[in-house]
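Please examine the following structure together with its sequence.

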Amino acid sequence: MDTGGNSLPSGPDGVKRKVSYFYDPEVGNYYYGQGHPMKPHRIRMTHALLAHYGLLQNMQVYKPLPARERDLCRFHADDYVNFLRSITPETQQDQLRQLKRFNVGEDCPVFDGLFSFCQTYAGGSVGGAVKLNHNICDIAINWAGGLHHAKKCEASGFCYVNDIVLAILELLKQHQRVLYVDIDIHHGDGVEEAFYTSDRVMTVSFHKFGDYFPGTGDIRDIGYSKGKYYSLNVPLDDGIDDESYHFLFKPIIGKVMEVFKPGAVVLQCGADSLSGDRLGCFNLSIKGHAECVKFMRSFNVPLLLLGGGGYTIRNVARCWCYETGVALGTEVDDQLPQHEYYEYFGPDYTLHVAPSNMENKNTRQLLEEIRNNLLDNLSKLQHAPSVQFLERPPDTELPEADEDQDDADERWDPDSDMEVDEKRPIPSRVKREAIEPERKDSEAPKGTAEQARGFDNMATNETLSTKSVDVRPMAIDEPTVKVEQETSNKASDPIYPKS
């Protein structure tokens with residue numbers, strides 16, 4: 001059996017891409033609670049589309065190893081991680097002070113299996129970074145990741161653990177410079193804050209700005225100290241369409257790649273920037289959104305694709321399925337294949353949906369001002385910064401493969417950078433979601449973090465250098481090697497029970 005990994009030739013380079021894809025069949029079972037807009041079930045819907053389009057056979061498909069506590073603590077505070085590990089729906093009433101301290105409770109609720117959920121999606125993102133570091137693939141995908149709002153010591157915006165920061169820290173072991181690009185409708189505040197004083201990570205966020213969560217991401221926020229000009233914010237208004245978006249995206253990212261010269265790129269593909277999102281207000285088509293993936297892929301730099309926001313879940317699955325095809329260099333048919341979630345996509349049962357006729361409030365004059373401002377900032381970076389490693393973390397060893405286990409159903413990949421914790425099995429008890437009919441945009445519950453609201457500037461007035469991740473020099477606590485289980489490309493996903 002061809003276990004794949006090779007994609008079709010694409011672009012002027014004509015080089016095949018090897019794609020590693022991370023998916024845990026349990027991820028769709030986690031349930032934020034009745035009425036909550038964040039639905040991990042969308043990851044399982046995406047996977048089902050990939051399976052029935054036949055895309056899985058062209059990728060290496062991995063079940064991520066859960067990130068251990070020590071892995072999460074490479075960015076997050078120990079007491080915050082301990083809190084996430086210990087809190088349960090049954091005990092939360094006894095820990096009200098801690099809930100408030102760590103911003104857990106409303107937008108970021110306590111639910112069954114919360115810590116296991118965090119370990120799973122973080123493990124996929126770090127695992128993808130490890131694959132890229134060892135040149136096992138050209139592109140790694142973890143649609144369960146991309147939770148960009150989480151901070152060092154608190155949850156935020158439906159995000160508990162910042163898997164993106166953890167993945168970037170992993171990539172920095174191998175690469176002097178890493179670029180982070182965020183096309184979620186919300187500002188990638190957690191990632192920007194983590195690297196705000198670093199010149200080794202450039203963050204570029206395209207987002208709705210102005211009376212909108214999280215309230216950060218002003219074009220004037222450009223980084224601090226050594227990180228000055230290494231944070232780029234592209235503030236956008238309602239109704240931006242494909243043409244307007246790429247009027248900014250392509251020249252800005254093209255200049256970033258020319259000046260910064262990253263060794264690896266992380267692209268957060270939040271799908272709440274699509275037209276018709278339950279909480280969003282942009283007007284991008286799926287092809288327009290995916291054009292960002294296609295453009296980043298064209299640079300032939302190791303690329304980690306992550307998920308993020310997205311609350312009209314049928315469109316999220318459409319988008320990430322199509323973008324997986326883009327990563328592979330495969331054009332997928334617009335007519336959806338029959339599968340277990342087929343009824344979600346009626347009445348047209350097509351992959352692509354037309355954008356709306358909503359007003360685009362982003363005038364050409366405004367777009368030109370934004371573009372010129374950011375290109376001017378980039379011109380102030382004379383050259384890519386160089387890094388002298390005072391202590392370079394050792395490469396993860398790759399033991400020889402066991403031929404007895406090298407089969408399609410269950411292979412062992414020995415290159416993971418995280419450890420097996422034999423003493424602490426991961427709990428499997430999670431509450432299965434009773435699928436609710438999708439609400440129209442107007443029915444979104446009030447009071448969620450993703451709705452427009454004011455922002456408390458006191459949080460950002462803290463000294464950023466004390467909250468940022470110091471990535472110089474790279475004296476990193478190197479975990480030992482453990483194996484990583486790979487799932488069969490043809491393994492069937494359990495059908496999700498519906499009420």
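Helix 5 passes helix 6 in a right-handed crossing, a crossing being right-handed if the near helix is turned clockwise from the far one by less than a right angle, and left-handed if anticlockwise. Helix 5 covers residues 114-133, and its axis lies 8 Å from that of helix 6 at an angle of about 20°. Helix 5 is therefore roughly parallel to helix 6, since angles under 35 degrees count as roughly parallel, over 145 as roughly antiparallel, 65 to 115 as roughly perpendicular and the rest as oblique. The axes are lines fitted to C-alpha atoms, for helices over the stretch in contact, and angles run from 0 to 180 degrees between N-to-C directions. Among the residues that make this contact are Tyr121, Ser125 and Ala129 of helix 5 and Leu166, Ala167 and Glu170 of helix 6; contact means heavy atoms within 4.5 Å. Helices (H or I, at least four residues) and strands (E, at least two) are DSSP runs, numbered from the N terminus.

The model is predicted: local features need pLDDT of at least 70, side-chain atom pairs count only at pLDDT 80 or more, and totals for chains, interfaces and linings use all residues. Residues are numbered from 1 along each chain as its sequence is written, and side-chain values use heavy atoms, with hydrogens and water left out.

Residues of helix 8 including Phe247, Leu248 and Ile252 meet residues of helix 11 including Leu367, Ile370 and Leu374.

Which residues does the UniProt annotation "binding site" cover? The unreviewed entry gives Asp184, His186 and Asp272. These residues span 89 residues in sequence, yet no two of their C-alpha atoms are more than 8.2 Å apart, so they gather at one spot. UniProt annotations may be inferred rather than shown by experiment; their positions are given in the numbering used here, with feature names shortened.

Aspartate 184 lies in the loop between strand 4 (178-182) and helix 7 (189-194), and histidine 186 has its place in the loop between strand 4 and helix 7 as well. Aspartate 184 has 1% relative accessibility and so counts as buried; buried means under 20% relative accessible area, exposed over 50%, and partly exposed in between (1.4 Å probe, protein chains only). Histidine 186 is also buried, at 1% relative accessibility. Beyond its neighbours within four places in sequence, aspartate 184 is in contact with residues including His148, His207, Asp272 and Gly308.

The loop between strand 3 (139-142) and helix 6 (163-171) contains glycine 157, which is buried with a relative accessible area of 5%. Glycine 157 and histidine 186 stand 29 residues apart in sequence and 9.5 Å apart in space, C-alpha to C-alpha. Histidine 149 is found in the loop between strand 3 and helix 6; UniProt lists His149 for "active site" in an unreviewed entry. At 2% relative accessibility, histidine 149 counts as buried.

For the protein overall, the secondary structure comes to 12 helices and 10 strands. Buried residues make up 59% of its 499 residues. Of the contacts between residues at least 6 apart in sequence, 82% join residues at least 24 apart.
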